[in-house]
Amino acid sequence: MRDQILSEFLDRLAARVPAPGGGATAALHVAQAAALVGMVARYSDGPKYDGDREVIDAVVAESDELRQRALRLAEKDASAFTAVTAAYGLPKGTDDEKKARSHAIADALLGACLPPAEVVGAAAAVVTLAERLLPVGNRNVVTDIAAAAEAARAGATTARVNIEVNLAGVRDEQARAELVATKDGVDGICERADRVTAEVRAGLSA
């Protein structure tokens, strides 16, 4: 997926195929958010920013890692959803086949929840970077911090939907509880992202 040109990926996304879908786009929202934060941090250079160099350098390194992590999650999500499709396609002619199919579907649905759950975590991490960078970053590109916060927000809310759609089929109670906690944390991520955007917008009108 990472080696496709954008138009090819969008053609694939628009096609009547199981994957990529919403889960992959959630991860790509976060990848773009991380890239935007990294860009602003790289523009925050020169003597003017020496006093905040430790923060800025940390944001560059962490945003680069998160961008690559999000790309991997986009690919993992596509693979996980393909596994769900395959599980539903298993034979169910005998009782043994029905039982095996049922277990395979439950395992595949749990597997399909895991990449978006990780995307939620990555989105939260990007919002944290935006919060850290906002007070010290280059004011000429400060709107891109808001853009990053909004992209991370979209990634988190999209990932939440992709957890919820598969959650009913997850049988592992501990895994289910962890997934519920993850999805329930998305509102907090959204509130933080909204505050970043609000602060950026307030600065523009000041």
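Residues are numbered from 1 along each chain as its sequence is written, and side-chain values use heavy atoms, with hydrogens and water left out. Because the model is predicted, local features need pLDDT of at least 70 and side-chain atom pairs count only at pLDDT 80 or more, whereas totals for chains, interfaces and linings use all residues.

The secondary structure consists of seven helices and zero strands, where helices (H or I, at least four residues) and strands (E, at least two) are DSSP runs numbered from the N terminus. Along the sequence, the elements follow the pattern α-α-α-α-α-α-α. The C-alpha trace spans about 70 × 35 × 30 Å along its principal axes. A contact is defined by heavy atoms within 4.5 Å. Among the contacts with a separation of 6 or more, 77% are between residues 24 or more positions apart.

Of the 206 residues in the protein, 40% are buried. A residue is termed buried under 20% relative accessible area, exposed over 50%, and partly exposed in between (1.4 Å probe, protein chains only). The accessible surface amounts to about 10600 Å², and 53% of this surface belongs to carbon and sulfur atoms. Accessible areas come from the Shrake-Rupley method with a 1.4 Å probe; for residues, only the protein chains shown count as cover.

With regard to charge, the protein carries 24 positive and 30 negative side chains. Lys and Arg count as positive and Asp and Glu as negative, while His and the chain ends are not counted. The centres of the two sets lie 4 Å apart, the place of each charge being taken as NZ of Lys, CZ of Arg, CG of Asp or CD of Glu.

Side chains of opposite charge can pair when their charged atoms come close. A search of the whole structure finds 11 salt bridges, each defined as a side-chain nitrogen of Lys or Arg within 4 Å of a carboxyl oxygen of Asp or Glu. In one of them, Arg192 pairs with Glu131, and the closest N and O atoms are 2.8 Å apart. Arg192 belongs to helix H7 (residues 186-205) and Glu131 to helix H4 (residues 95-133), so this pair ties together parts that are 61 residues apart in sequence. Glu131 is partly exposed, at 31% relative accessibility.

Helix H7 also contains Asp194, which is linked to Arg153 in helix H5 (residues 143-167), 41 residues apart. Asp194 is partly exposed at 33% relative accessibility, and Arg153 is partly exposed at 26%. A further salt bridge joins Lys183 and Asp184 at 3.2 Å, N to O. Lys183 is buried, with a relative accessible area of 17%, whereas Asp184 is partly exposed at 46%.

Thr25 is located in helix H2 (residues 22-43) and is buried, its relative accessible area being 18%. When residues up to four places away in sequence are not counted, Thr25 touches Leu13 and Thr158. Ala35 is likewise found in helix H2, but is partly exposed, with a relative accessible area of 33%. Ala35 and Lys98 are 63 residues apart in sequence, and their C-alpha atoms are 46 Å apart in space.
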